[in-house]
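Visitor: I'm new to this one. Could you pick a single part and walk me through it closely?

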Amino acid sequence: MTRKEIEQQVNRFFIDTLEFEESAITPDANLKEELGMTSVDAVEMRLHIYKHLGFQPQKKDMMNIRTVRDVYDYIEQHQPK
């Protein structure tokens with residue numbers, strides 16, 4: 001999956017599933033402080049990655065994800081080749 005495809009899929013998840021405002025989703029947006037992501041939302045994101053991208057994100061890795069860009073980077077670095 002290309003970086004652009006990752007960004008599109010992540011953004012679509014944030015808009016459709018977590019109901020974040022599309023205009024608020026920028027690479028530097030803080031997931032918790034700016035977008036209002038909760039721990040339940042984080043679990044949903046892990047499940048989405050597992051179901052739709054084919055790998056299981058590690059909880060300890062997810063603890064370091066703070067921004068939308070961090071999500072893109074994590075998926076790009078860990079996706080199955």
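Predicted model: local features only at pLDDT ≥ 70, side-chain atom pairs only at ≥ 80, totals over all residues.

**A close look at the core**

Guide: Setting aside neighbours within four places in sequence, methionine 45 is in contact with Phe13, Phe14, Met37, Met62 and Val71. Methionine 45 also belongs to the largest nonpolar core, a group of 23 residues. The residues with the most contacts inside that core are Phe14, Leu31, Met45, Val68, Val71 and Ile75. As for where the core comes from, α1, α2 and α4 are the elements that give two or more residues to it.

Now over to helix α4, which covers residues 68-78 and holds tyrosine 72. Tyrosine 72 has a relative accessible area of 3%, and because buried means under 20%, it counts as buried. What does tyrosine 72 touch, leaving aside its neighbours within four places in sequence? Its contacts are Arg3, Ile6, Glu7, Val10, Asn11 and Ile25.

Last stop: asparagine 30, in the loop between α1 (3-16) and α2 (39-53). Is asparagine 30 buried or exposed? Its relative accessible area is 16%, so it falls under the 20% cut-off and is buried. A polar atom of the asparagine 30 side chain lies 2.8 Å from the backbone nitrogen of glutamate 33. Not counting residues up to four places away in sequence, asparagine 30 also touches Leu35, Arg66 and Thr67.

How values were computed
Residues numbered from 1 in each chain as written. Heavy atoms only, no water. Helix = DSSP H or I, 4+ residues; strand = E, 2+ residues; numbered from the N terminus. Buried < 20%, exposed > 50% of the residue type's maximum accessible area, 1.4 Å probe, protein only. Polar contact = N/O pair within 3.5 Å; in protein donor to acceptor, adjacent residues only side chain to side chain. Contact = heavy atoms within 4.5 Å. Core = buried A, V, L, I, M, F, W, Y, C linked by side-chain atoms within 4.5 Å.
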